[in-house]
Amino acid sequence: MHDTDALVIGAGPVGLFQVFQLGLLGLKVHAVDALPVAGGQCAALYPDKPIYDVPGVAVCTGRELAASLLQQIKPFAGPDLGNLHLGDLVETITPRDDQGFVVTTQSGLSFQTRLIVIAAGAGAFVPKSMNVPGLEAARQVHYHLPADANQVAPWAGQHVMVSGGGEEALSAVVELASASVPHAAPARISLMHRRDQFTAEPKLEQAVRALIASGRINWVQGMPEQADVQDGDLRALHVLGPDGATQRVAIDHILIRQGISPKLGPLSNWGLALERKQIPVETVGFQTQMTGIYAVGDINTYPGKKRLLVCGFHEATMAAHAALAWLKPDEPQHLQYTTTSTVLKQRLGVA
Ligand SMILES: Cc1cc2nc3c(=O)[nH]c(=O)nc-3n(C[C@H](O)[C@H](O)[C@H](O)COP(=O)(O)OP(=O)(O)OC[C@H]3O[C@@H](n4cnc5c(N)ncnc54)[C@H](O)[C@@H]3O)c2cc1C
């Protein structure tokens with residue numbers, strides 16, 4: 001059980017900045033996100049698109065913003081960002097009699113926390129699955145590339161089929177084909193999509209088409225109809241082609257990259273009021289109707305709400321100050337600047 005002052009649910013841009021603000025005020029903080037990478041929508045939906053309205057940053061991509069926010073929380077996210085728990089879903093919140101909450105996750109982590117900040121965006125991002133008879137019994141169904149490119153992947157030395165025709169699938173194909181670490185590379189790569197049309201940046205599409213033309217990638221057009229699975233091991237997919245014929249493609253692993261979609265999921269069972277799938281908050285400290293639970297970023301709603309990064313960053317700042325005042329009612333709260341405060345600089349590790 002992790003014992004902490006604050007737990008942030010969601011490590012999107014607003015959740016990450018929330019970690020920073022709580023840490024800056026001297027609170028111990030952990031964060032959990034369903035995605036294997038931090039950055040929420042910025043990292044998952046528009047990593048390479050330019051953002052022009054982050055104050056003081058003329059332009060940066062979604063991926064760059066996520067990376068900067070991660071860099072910024074380093075002093076507060078534990079050694080090696082160990083307080084950031086990625087690829088895990090917060091499932092339950094149980095209030096405790098003596099104030100605070102116990103929070104549990106899908107993977108079995110639990111947190112004893114004095115306060116919670118929900119920064120859950122439109123819900124937990126979960127990969128779209130593939131509904132193919134037989135496949136549910138297979139162990140070799142994957143949705144994500146390893147977070148570290150040098151990590152040995154489960155398909156190393158074997159045949160992996162990537163499914164999908166969008167940016168996510170195509171970038172995975174390119175990454176797999178260019179695996180810089182020989183022992184992590186698959187022996188064979190197939191790409192399966194129902195149409196011979198992709199929805200990706202022209203440069204990426206060109207790269208994939210070149211890999212197909214060179215024979216590096218085995219192209220399979222069609223719809224999967226059935227999976228051959230023996231004792232939990234995936235053996236093959238039967239794919240219905242555009243000519244009406246079904247071919248059996250022997251594979252060892254399937255990497256499903258058919259997009260992600262946000263699911264409110266467990267959040268709707270936490271006893272919080274919801275208005276059109278959003279959590280109403282007051283606008284002084286962005287607290288929900290439950291004392292000790294705050295909501296910031298795209299998940300909250302209040303009169304005049306704008307789903308913009310800058311608004312979420314403001315809410316995270318206000319929530320951190322309100323939470324501290326609630327946790328330590330007897331301590332005077334003096335506003336301090338990072339430019340001049342020795343205490344803040346010490347917390348940042350720059351004094
Ligand atoms: C294409 C596009 C372009 C955009 N461009 C701009 C722009 O130019 N400027 C701008 O200001 N805004 C822009 N936005 C909006 C901006 O991205 C959002 O306002 C911002 O991402 C909200 O951040 P967030 O942290 O609140 O939520 P999100 O980014 O949605 O992150 C929420 C995170 O919470 C996680 N989560 C949810 N529930 C759970 C759970 N139960 N357990 C674990 N994890 C959970 C999710 O997996 C997700 O990673 C754009 C959005 C899109 C889609």
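A nitrogen atom of the ligand is placed 3.2 Å from a polar backbone atom of A124. The model is predicted, so local features need pLDDT of at least 70 and side-chain atom pairs count only at pLDDT 80 or more, while totals for chains, interfaces and linings use all residues. Residues are numbered from 1 along each chain as its sequence is written, and side-chain values use heavy atoms, with hydrogens and water left out.

**View 1. Residues around the ligand.** There are 31 residues around the ligand, and D33, Y46, D53, D298 and L309 come nearest; a residue is near a molecule or strand if one of its heavy atoms lies within 4 Å of it. An N or O atom in the side chain of D33 is 2.7 Å from an oxygen atom of the ligand. From F125, a backbone N or O atom lies 3.0 Å from an oxygen atom of the ligand. A polar contact is a pair of N or O atoms within 3.5 Å; within protein, one must be able to donate a hydrogen and the other to accept it, and residues adjacent in sequence count only if both atoms are side-chain atoms.

**View 2. Helices α1 and α6.** Helix α1 (residues 13-24) packs with helix α6 (residues 309-327) at an angle of about 30°, and their axes are 9 Å apart. Helices (H or I, at least four residues) and strands (E, at least two) are DSSP runs, numbered from the N terminus. Axes are lines fitted to C-alpha atoms, for helices over the stretch in contact, and angles run from 0 to 180 degrees between N-to-C directions. The angle makes α1 roughly parallel to α6 (under 35 degrees counts as roughly parallel, over 145 as roughly antiparallel, 65 to 115 as roughly perpendicular and the rest as oblique). On the α1 side the contact is made by P13, V14, F17, Q18, Q21 and L22, and on the α6 side by L309, G312, F313, A316, T317, A319 and A320. Contact means heavy atoms within 4.5 Å.

**View 3. Helices α1 and α3.** Helix α3 (residues 62-73) packs with α1 at an angle of about 20°, with the axes 9 Å apart. This makes α1 roughly parallel to α3. Residues P13, L16, F17, V19 and F20 of α1 and A66, L69, L70, Q72 and I73 of α3 make the contact.

**View 4. Helices α4 and α5.** The axes of helix α4 (residues 167-177) and helix α5 (residues 202-213) come within 10 Å and cross at roughly 50°. That makes α4 oblique to α5. In α4, E167, L170, S171, V173, V174 and A177 meet L204, E205, A207, V208 and L211 in α5.
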